[in-house]
Amino acid sequence: MRFATTARFDADYRRLKPAERETFRSTVRAFHDACEAWQSSKGASGWPASLRVRPLRSAPGVWEMTWSFTGPDGRSTWEWVVTPDGPSVRWRRVGGQAIFDLP
């Protein structure tokens, strides 16, 4: 699975504390495997419960992933995009609950 980022995601990521960045990076490893399984099953495969992946109701085409509700809150938003290399994930936002104001 290929990944891309938005400028807003890049700014959000720079604001994360080093420990939050590391937690996000380790979560993305599991997310990558889940994306591969989801794509190969054409969406029939479920997402691992620990990643709490679901589409956002308020923003069609945008998905969310939550890996922590406390100490600190860890959430991200992303969307599926198609590139010449095939399906990819574009990270839109990362941080706490506030990212849902402009997902």
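This is a predicted model: local features need pLDDT of at least 70, side-chain atom pairs count only at pLDDT 80 or more; totals for chains, interfaces and linings use all residues.
Of its 103 residues, 40% are buried.

What about the overall build? The chain has a radius of gyration of 13 Å, which agrees with the value near 13 Å for a compact globule because that is what the rule gives for 103 residues. Along its principal axes, the C-alpha trace spans about 35 × 25 × 25 Å. Look at the contacts with a separation of 6 or more, and you'll find that 43% of them link residues 24 or more positions apart. As for charge, there are 16 positive and 11 negative ones, and their mean positions sit 2 Å apart.

Now walk along the sequence. The chain has two helices and five strands, in the order β-α-α-β-β-β-β.

Spanning residues 62-68, E3 is mostly covered, with seven of its seven residues buried. On one side, E3 runs antiparallel to E2 (residues 53-55), joined by three bridges, and Arg 54 stands opposite Glu 64. These two strands make a hairpin with six residues between them, and Gly 61 in the turn has a positive phi of about 90°.

E3 also pairs with E4 (residues 74-83), again in the antiparallel sense, over six bridges. Here Trp 63 faces its opposite number, Trp 78 in E4. Five residues lie between the strands of the E3 and E4 hairpin, where Gly 71 takes a positive phi near 50°.

Technical notes. Residues are numbered from 1 along each chain as its sequence is written. Side-chain values use heavy atoms; hydrogens and water are left out. Buried means under 20% relative accessible area, exposed over 50%, partly exposed in between (1.4 Å probe, protein chains only). Helices (H or I, at least four residues) and strands (E, at least two) are DSSP runs, numbered from the N terminus. Two strands pair if DSSP finds at least two bridges between them. The radius of gyration is taken over C-alpha atoms; the globule rule is 2.2 Å times the number of residues to the power 0.38. Contact means heavy atoms within 4.5 Å. Lys and Arg count as positive and Asp and Glu as negative; His and the chain ends are not counted. The place of a charge is taken as NZ of Lys, CZ of Arg, CG of Asp or CD of Glu.
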